[in-house]
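Hi,

Here is the structure I promised to pass on.

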Amino acid sequence: MSIVTVQLGQCGNQIGHEVFSALCSDIRGTHGLCSKKENESYQDSCKERFFCEEESGVPAARAVLVDMEPKVISQTLSMAARSGHWKYNSHSHFCQKQGSGNNWANGYSVHGPRHKEAIMNLVQKEAEKCDRLGGFFTIMSMAGGTGSGLGAFVTQCLRDAFPTSFLLNHVIWPYGTGEVIVQNYNSVLTLSHLYRSSDALLVHENDAIHKICAQLMNIKQISFRDVNQVIAHQLGSVFQPAHTAGGGSGYSRNPLGDLLEPLVPHPEFRMLGLRNIPQMPQSSLAFSTFSWPGLIKHLRQILIANAHMEEGIDWQVRPPHPGSSIPSTNKALHFNTSIANLVILRGKDVHSADLGSFQDPSLYTSWLNPQDAFNAWKTPRAFNKYEKSAALVSNSQFLLKPLDSIVGKAWNMFASKAYLYQYTKFGIQEEDFLDCFTTLEQVISSYTNL
């Protein structure tokens, strides 16, 4: 099945480009470390998901690019075409001249309705090119105006137009120190609207990725492109083909469904976090060896201690003993409770890897059977030059703190009515804000009580 990617705003278009580049360089690489037959079926499966074959022989990304200013889209189109290995379809982008001025209400209430027909026509055309449509993957930032406001509007349109398709929103969480003064408002409005129409939100935090660039990648002066390449690597480690547990010998046919059905068992819990190990500069790969027990032990501790990477994990955090009657308020240990987890292993000797430690009932909430709460995908095909690598997609308390913080900051501004006029002039009233706060307070409360 194929996935149509919708890239929204500057951030969405830049990350989308890096994602397709990462997927393409991975399938072109000869470093698969697996049998020729396995490698060919992996390549075919990836192409069916993300690219359509063009007459020119250069695969075209199954993507729609949307922005309210032309600069980033024209850069993105020409960078892809220059690579010679893949390209964007020349008719699958929509841009205007004026931008959204970092104002969510402008993107949602003005640009969205005005350009709905043109944007949805492009999406419809891409969807019709798929033999079998698996769903939509949108990429957007929460902080600005186009990605967040227009992104939330387009997500609602996708849900209305394709009610039975899977819909996964990839959302970039803004830097805590902030690029935009109203980013907390924009974020609260985006999250609450996506919660109503999306199947799940897959979140990357800029601060966490920045740390990975600095500490693991040893990059001295970190650019947005560096950050985006780490994000693209992590997304590729999830979306490239893998064998699901009950999937027989072939690669998973329905990537979004196989991801979302086990991870989102209840509509109140839709926030997914992503962790990936190992991560290091290309130059260090040749000198590094990894064992499955070591990678799995680190990944499990990243999960339970809510760490962002393998460096600086708190090894003191332990799961509570089963049967212990510690009330959930006494979670000073910062133990991260999960609803559901998916681990994806790629590389050499993958079938010898033992994931039993992820099936420990004490990691999970009591209302789901641990057998249902944990899933694993595996493939002997190595990813992106890493001999062995592991990814974790987790529906857990990963995002509770950042969500609580962003709602708190937005509420403090709202209480003093700061900048509200920027939103009311585009028709977003105080009651709309209050509805959004209520939605997110409910999400915070649900995740807190796990």
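A pocket here is an open set of points on a 1 Å grid over the protein atoms alone, with protein on both sides within 12 Å along at least five of seven lines, whereas a cavity is a set of points where a 1.4 Å probe fits but cannot get out; lining residues have an atom within 4 Å of a point. Points are joined across faces, edges and corners, and a volume is the space filled by probe spheres set on them.

Before you dig in: this is a predicted model, where local features need pLDDT of at least 70 and side-chain atom pairs count only at pLDDT 80 or more, while totals for chains, interfaces and linings use all residues. Residues are numbered from 1 along each chain as its sequence is written, and side-chain values use heavy atoms, with hydrogens and water left out.

The largest pocket holds about 970 Å³ of space. Its lining has 40 residues, and Asn306, Gln397, Phe398, Lys401 and Pro402 lie nearest the centre. Helix H13 (400-415) gives the most to this lining, with seven residues. (Helices are DSSP runs of H or I with at least four residues, strands are E runs with at least two, both numbered from the N terminus.) The lining divides into 16 nonpolar, 15 polar and nine charged residues; nonpolar means Ala, Val, Leu, Ile, Met, Phe, Trp, Tyr, Cys and Pro, charged means Asp, Glu, Lys and Arg, and the others, Gly among them, are polar.

There are also two cavities of 30 Å³ or more. The largest cavity has about 90 Å³ of space, and its lining includes His204, Glu205, Arg275 and His308. Strand S9 (200-205), helix H7 (206-215) and strand S10 (271-277) each give two or more residues to that lining.

One more thing, on helix packing: H6 (residues 183-197) and H15 (residues 430-448) pack at about 70°, with axes 9 Å apart. Axes are lines fitted to C-alpha atoms, for helices over the stretch in contact, and angles run from 0 to 180 degrees between N-to-C directions. The two helices are therefore roughly perpendicular, a label for angles of 65 to 115 degrees. Among the residues of H6 that meet H15 are Tyr185 and Leu189, contact being heavy atoms within 4.5 Å.

Cheers

Technical notes:
Angles under 35 degrees count as roughly parallel, over 145 as roughly antiparallel, 65 to 115 as roughly perpendicular and the rest as oblique.
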